[in-house]
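Please keep the sequence and the 3D view at hand while reading.

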Amino acid sequence: MTSGIKGVLISDFSINNLAGYLSNNSIEQPVKCFIAPFNQVHHTLIDANLECWKHQSDFAVVWTLPERILKNFAALLNYENFDFADLKKEVEEFTSLIINASSRVKLTFVATWSIDTTQQNYGILTTKPDTGIINVLAQINLLLAEKFWDQPNIYLLDSNKWNMRASNNAYNPKLWYLNKTPFNNMVFADAAKDIMSSIKSIQGKNKKLIIVDLDNTLWGGIVGDIGYENIKLGGHDPEGEAYKDFQFALKMLKNKGVLLAIVSKNEERVALLAIEKKSEMVLVKKDFVSWRINWEDKAKNIVELANELNLGLDSIVFIDDNAHEREWVKSALPEIFVPEMPSDPLLYRQFLLNLDCFNNFISTKEDKYRTKLYAEEKQRTENIKTISNLEEWLKSIDIKITIEKTNEGNFQRVLQLLNKTNQLNLQTRRFTERELITWISSDENSMFAFSVTDKFGDAGLTGIIGVTCKDGQATITDFVLSCRVIGRKAEEIMLYAAIEHAKNKFCKIVNATFIATEKNKPCYDFFKRSGFIEKENNFTWDASKTYAIPSYVTLILKEY
Amino acid sequence: MKDKISIIIFDAIEEFNFSQDLENRLEKKIEEVLFSRSGYTEKGKLDSMNLVYFLVIVEQKLQKYMGNNSTLRIQDLIEKKESDLKNIGTLIKYIEINLK
């Protein structure tokens, strides 16, 4: 997807306001929406020739009211004769139409079904299996989830959440009778926020690192003044409890794969003592990938941390209770997201959980251990400082690189890495699940995954190379490597693997075209020194020659 | 009263604009043309659907201000003479006269 995106909105009510909120939601990614004909959901899903489909849109939103789209559900609401089996059949037919239509766009978002439960009391039987309204609603939503579960590129969004946030004001009968719009604007605003957050997550634009302050952010009070024994954290105290819950929320995000770091104006020894000794601390030292605890300027410390972790400033969130520090960081480093923190610590947890920039659209085992992987990298960096000869050091750390084709087991991680890696990335091609499946299934194309381990630990699957072999020429379409393993010879092994693959496919030449972005100069620099011959960003290698790789790296070929 | 109604309407414009593309947004000025069926030479910013959205927001804000005692109903307003809805100024005047 490019910087501007297009969407098709399909609904059985007037959905114009969602289009407005989507287009106003993001400055960096303007959204243009095309609205399908009103109340012609089935027709729109069936007919690919309708005007709304003719704009090569990136996404579609299907948002319907259950009582309008499912006649059996309408019957249930009216306490008329209703057949649950028929209702399930209706849902299945509807999902089939959505699945067929989803091939016309890259992403399809389907809103779960909800009804207005605030204005009408459905009585004590509402949860009775197969006949109670709320029970049936839950079941048909589960059916939607089951039908879409194995569909790449169809994502179910929780519409109930949008309604609940608007509380009693979600539904507006006046708008319905006058305009055939069931909802007030609050619901559309929240839906737009959710859709944009999902798109950003799929594009790999979610945030990767949270940098937190300590005093009055992770705990109450100034530790340097009152000592760690007296900081407010946990215990029978509303604020202490709230600080502890805030730490739990940060830990949850860490478990989701977001990195945590500290930038705080404090004595390092005193602050670390608090983290280590205060028994109520939820976050422990190893939960933080790095820290800068000193009296230096916070903006300077943040830049140092970003460099150390090889992360772009636009992937960082800075959380600090001090408005002055927030303002300074915002003005010094405008790429960083500095949310306005509430002044009341009792609201900290809610504030953090409401930030919509940490969504994952896939979850991999690497997410859970990301902090550990960075910690191992830090150990390597420390270790390398003590050794004068880099080659000797590399020989000593027992590097093992596993090469395997992209398969069912590693697919999600490959997709994630392709979509989030910026620096060591030859062409920065981004894929949806469906696009990647299609690309891989072509006989001409192959995609290899590289996992790196050494004596410090397992970095996991960190490299990808995509190669197209056609008419005696091999073209490297994707060369993607996590910054965490740069310099451990994985780059060279990847090129070696691509060249060997080209030979096996009887190719004489291996080409790689570098496409520059704001962030991928490190990739260009690597190709420049790779031994490939360069001509205006095109790099070539004579496939009759073997690409030399260091003998001290152990190669493990798995389903290669 | 007129000043208060103006503030409420300008507040409603702000909320309305959040849900609109750039070309459909209203400006906070008395002369801003809202809506015109045939016969007016000036082109209104709102189509009939957006007119309803805007008026519902105005009605909600008036109700909030009047404590649900407002007798103004937007369905009546929509059925009234077009001149009452011509621009922000005529809308303020209409509300001032009809709000009890």
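## Aromatic contacts

In this predicted model, the charged end of A:Arg104 sits over the ring of A:Trp53, 4.7 Å from the ring centre, where sitting over a ring requires NZ of Lys or CZ of Arg within 6 Å of the ring centre and within 35 degrees of the ring normal. A:Lys180 likewise lies over the face of A:Trp176, at 5.0 Å from the ring centre.

Local features need pLDDT of at least 70, side-chain atom pairs count only at pLDDT 80 or more, and totals for chains, interfaces and linings use all residues. Residues are numbered from 1 along each chain as its sequence is written, chains are lettered from A and ligands numbered from 1 in the order in which they are written, and side-chain values use heavy atoms, without hydrogens and water.

Over all chains there are 26 aromatic pairs, a pair being rings of Phe, Tyr or Trp (its six-membered ring) with centres within 6.5 Å, called stacked if the planes are under 30 degrees apart, edge-to-face if over 60 and tilted otherwise. Two edge-to-face examples follow.

| Pair | Centre distance | Plane angle |
|---|---|---|
| A:Trp63 and A:Trp162 | 4.9 Å | 70 degrees |
| A:Phe246 and A:Tyr348 | 5.4 Å | 65 degrees |

A:Trp63 in strand β3 and A:Trp162 in helix α7 are 99 residues apart (helices, H or I, of at least four residues and strands, E, of at least two are DSSP runs, numbered from the N terminus). A:Trp162 is buried at 2% relative accessible area (buried means under 20%, exposed over 50%, partly exposed in between, with a 1.4 Å probe and protein chains only). A:Phe246 in helix α11 and A:Tyr348 in helix α15 tie together parts 102 residues apart in sequence.
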